[in-house]
Amino acid sequence: MESLRIIDIAGTAAFSIAGAFAAMEKRLDIFGIFIIAFVTALGGGTLRDVLIGNVPVSWMLNLSSGLIVLLSTIAALSFTRVIKNYHKILLLFDSIGLGFFTVYGIQTGIALDLHPIICVTLGTISACFGGVIRDISLNSIPLIFEKEIYATTCIAGGVIFFLLLKLELPKLPIEIICLSTIVIFRLLSVKYDWRLPVIWKKEEL
Amino acid sequence: MESLRIIDIAGTAAFSIAGAFAAMEKRLDIFGIFIIAFVTALGGGTLRDVLIGNVPVSWMLNLSSGLIVLLSTIAALSFTRVIKNYHKILLLFDSIGLGFFTVYGIQTGIALDLHPIICVTLGTISACFGGVIRDISLNSIPLIFEKEIYATTCIAGGVIFFLLLKLELPKLPIEIICLSTIVIFRLLSVKYDWRLPVIWKKEEL
Amino acid sequence: MESLRIIDIAGTAAFSIAGAFAAMEKRLDIFGIFIIAFVTALGGGTLRDVLIGNVPVSWMLNLSSGLIVLLSTIAALSFTRVIKNYHKILLLFDSIGLGFFTVYGIQTGIALDLHPIICVTLGTISACFGGVIRDISLNSIPLIFEKEIYATTCIAGGVIFFLLLKLELPKLPIEIICLSTIVIFRLLSVKYDWRLPVIWKKEEL
């Protein structure tokens, strides 16, 4: 479907730009920036594909994802200041990417007849683990383990997906509702700085 | 076999709790703690499965491992101080897990008709690489590369496994002897602080 | 072909020794040094194999690679000072390894009928990602993202490979030219300290 394709492109581009900016902050060279953009955008899906045996992984069979990463990286390098000024648009795209990759990952699991919990896990891996690999490569503790409810957003979206599936709704509205929930939840969580509790018992550590 | 199942559960629980404690020390949020517990307990087996092409990996097909990780993480969060007071029991469980995962990994290799050296390698990967992925995720140099003879213990157990196999003993006693050797070796190595030599030639570096 | 085999051995040995030295600098124990040597030499090829589904990965089916790593690590530990004095020979071997692994990775992709861009990517992954995994394990930002044109060298060699293929040259001369280009480019880049530009716009970060 054409609209899904546009959502995929917007998400991949937003993830690539986020990766490129993180790499620029660590002062990598241009090759390093491209690689970090690539793993941020496509690393989660790659890990998902490897874990379920969907190989050669999808970006090897279809060059368009890699091309989107390349163009987004060039854009991030060329228009750094401009793009940063539009950081709200970037956040919107990023949220759309999060929702899209989650929905796509869930469906990969359904196609393999895996348990709903594993499907939600695959959706979350698809959406979040690109960022984890990026942070580990840049020698940081992954952000999603510390400060963001990024992954929680995907899990919540996934739970809604399967609740709606139980109601026997047709697939397209389920996908749209799941994606929208994730986008709205993500935007609200950034606006109001929602966090998961940190269990840090000072006296015991 | 029922007894094997109990050993598996004890090992997975101990690895999860060790992972959860490591994550709490780094002050991760509760989602991060769960993920680190998960990769500590199941990461080694996942890497083994991916390397030999046993996909979808086993925790996707059987939810019980994930459930044990979840319950162990909740226990680690709820009874931190209590569990730490029983650290000797935790060490015992951890040693049992080390032995069990090694034996299980070796048998995966035998089932694929791989060379004994590769089987021992698979056993060691199963038992040790969850901890390696944990340490890399938490931005530390993996403990087993520096201070522990963790991996050496698994390798020693694996060598004994194949020596006994050469003597044409039946499988069950071999497994029990191999697992016990690893448990005893592990407990002794902690008690007496055995280490591998560090080759650090000051003048040359 | 016998000559290819010798090139493979020289490259694996050089990569192992480079890994062992990096691990010694971080004062790992001897097991850690061996593991780091192993992932440096064989990690890139392992990642390639996993991404294309060529499993069990090749070092599990043929022990000779592991044996070369073991012997090289022992050599690195035993003759540290001697080997460092011959660092130019080590650089030559390393460059040969870079070229060989690139050519070998490209051919893996061609055998799967993948797009030339993906074949070059597979060659680069084979040649470079062992070093990336090494650096991440040793808790550093991967060198190739920051300071070296290592990967660029492989990409340049890969492009030449496919340009020559378009000219319908026979395979052997193409391989030799591609490998030689990478070796010469690598040696020149070290001699003259070629680097990729760092896009670091101070005022914007």
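Buried area is the accessible area, taken with a 1.4 Å probe, that two parts lose on being put together, summed over both. The legends below describe close-up views of a predicted model.

**Figure 1. The interface of chain B and chain A buries about 2700 Å².** Carbon and sulfur atoms account for 71% of the area buried between these two chains. On the side of chain B, the greatest losses of area to chain A fall on Asp29(B), Phe31(B) and Met60(B), which together make up 23% of what that side buries. The contact joins 30 residues of chain B to 34 residues of chain A. No salt bridges cross between chain B and chain A: the count is zero. Polar contact is found for two residue pairs across this interface, both at pLDDT 80 or more.

**Figure 2. Helices of chain B that face chain A.** Two or more residues each come from α1 (2-25), α2 (30-52), α3 (58-61), α4 (64-78), α5 (80-85) and α7 (116-137) of chain B. With eight residues, α2(B) gives the largest share of the side of chain B that touches chain A. Sorted by class, that side has 18 nonpolar, six polar and six charged residues.

**Figure 3. The interface of chain C and chain A.** Here chain C contributes 34 residues to the contact and chain A contributes 30 residues. The buried area is about 2700 Å², with 72% given by carbon and sulfur atoms. Between chain C and chain A there are zero salt bridges. Two residue pairs are in polar contact across the interface, both at pLDDT 80 or more. On the side of chain C that touches chain A, at least two residues each are supplied by α2 (30-52), α7 (116-137), α8 (143-146) and α9 (150-166) of chain C. The largest share, seven residues, belongs to α7(C). By class, this side of chain C holds 23 nonpolar, five polar and six charged residues.

**Figure 4. The axis relating chain C to chain A.** Asn139(C) has the C-alpha nearest the axis in chain C, at 3.8 Å from it. The two copies meet through different surfaces, since 9% of the contact residues of chain C recur in chain A.

**Figure 5. The axis relating chain B to chain A.** Chain B is superposed on chain A with an RMSD of 0.0 Å by a turn of 120 degrees and a shift of 0.0 Å along the axis. In chain B the C-alpha nearest the axis is that of Asn139(B), which lies 3.7 Å from it. Different surfaces are used by these copies too, with 10% of the contact residues of chain B recurring in chain A.

Figure 6. A polar atom of the Thr102(C) side chain is 2.6 Å from the backbone oxygen of Leu98(C). Leaving out residues up to four places away in sequence, Thr102(C) touches Gly123(C), Ala127(C), Cys154(C) and Ile182(C).

**Figure 7. Ser65(A) in helix α4 of chain A.** The helix that holds Ser65(A) spans residues 64-78. Apart from residues up to four places away in sequence, Ser65(A) touches Thr12(A) and Leu42(A). Ile136(A) is 71 residues from Ser65(A) along the chain, and the C-alpha atoms of the two are separated by 22 Å.

**Figure 8. Salt bridges within chain B and chain C.** Over all chains, the structure holds eleven salt bridges. In one of them the side chains of Asp135(B) and Arg134(B) meet, at 3.0 Å from N to O. Asp135(B) counts as buried because its relative accessibility is 8%, and Arg134(B) is buried with a relative accessible area of 13%. In chain C, Asp135(C) forms a salt bridge with Arg134(C), with the closest N and O atoms 3.0 Å apart. Asp135(C) and Arg134(C) are both buried. Asp49(C) and Arg48(C) form a further salt bridge, in which the closest N and O atoms are 3.1 Å apart. Asp49(C) is buried at 1% relative accessibility, and Arg48(C) is buried with a relative accessible area of 5%.

Technical notes:
Residues numbered from 1 in each chain as written. Chains lettered and ligands numbered in written order. Predicted model: local features only at pLDDT ≥ 70, side-chain atom pairs only at ≥ 80, totals over all residues. Heavy atoms only, no water. Contact = heavy atoms within 4.5 Å. Salt bridge = Lys/Arg side-chain N within 4 Å of Asp/Glu carboxyl O. Polar contact = N/O pair within 3.5 Å; in protein donor to acceptor, adjacent residues only side chain to side chain. Helix = DSSP H or I, 4+ residues; strand = E, 2+ residues; numbered from the N terminus. Nonpolar A, V, L, I, M, F, W, Y, C, P; charged D, E, K, R; others polar. Least-squares fit on C-alpha atoms with pLDDT ≥ 70 in both. Buried < 20%, exposed > 50% of the residue type's maximum accessible area, 1.4 Å probe, protein only.
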